[in-house]
Amino acid sequence: MLKEICILGFLGLNTWTDIRRKEISLVAAAVFAAGSLIWTACTGRISTSFFIPVGISAFFLVVSIVTKGALGMGDGWLMMALGIAMETEEFLVMLLIGLGGSAIWAGILLVILHKERKAEIPFVPFLFLGYIGGVLLWK
């Protein structure tokens, strides 16, 4: 229960900053990642499945570099911190719900609201909703 509250707080803080300032708190991500790494080591959760969310997050960081920021670097670091804290299944559920939600929102912006194709969409709110949806699915 404590882990879920910490993740919700971390995502809530970064959702607010992503919507209001269009940025991710890298300090909060680093602190969260360090705390998650300590928690993961103390609970003995480090196994081969630990590296799946971390690897997926690293892929998002590479995509951010290759696309010159089309996907924000902060989003990749945030997902890396979450990947350290979360089990593989819950990370994948959160990510898939978040990607699906952002795709639907992008479609609404393009088709209904007639926004430009290059309109920026904050991604962390969709991860936040994805995490909440995942928690509701798991519990």
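I began with the second largest pocket and noted that α2 gives the largest share of its lining, five residues. I am reading a predicted model, in which local features need pLDDT of at least 70 and side-chain atom pairs count only at pLDDT 80 or more, while totals for chains, interfaces and linings use all residues. Residues are numbered from 1 along each chain as its sequence is written, and side-chain values use heavy atoms, with hydrogens and water left out.

For the term pocket I took an open set of points, on a 1 Å grid over the protein atoms alone, where a 1.4 Å probe fits and protein lies on both sides within 12 Å along at least five of seven lines; lining residues have an atom within 4 Å of a point. Helices are DSSP runs (H or I, at least four residues), numbered from the N terminus.

I looked up the space in the second largest pocket and found about 190 Å³, a volume being the space filled by probe spheres set on the points, which are joined across faces, edges and corners. Its lining is made of L2, K3, C6, I7, V31, F32, G35, S36, W39 and A85, with α1 (2-20) and α2 (26-43) as the elements that give two or more residues.

I then turned to the largest pocket, which holds about 720 Å³ of space; of its 27 lining residues, A70, G72, E120, I121 and P122 are the closest to its centre. Both α4 (73-85) and α5 (88-112) supply at least two residues of this lining, and α5 gives the largest share, five residues.
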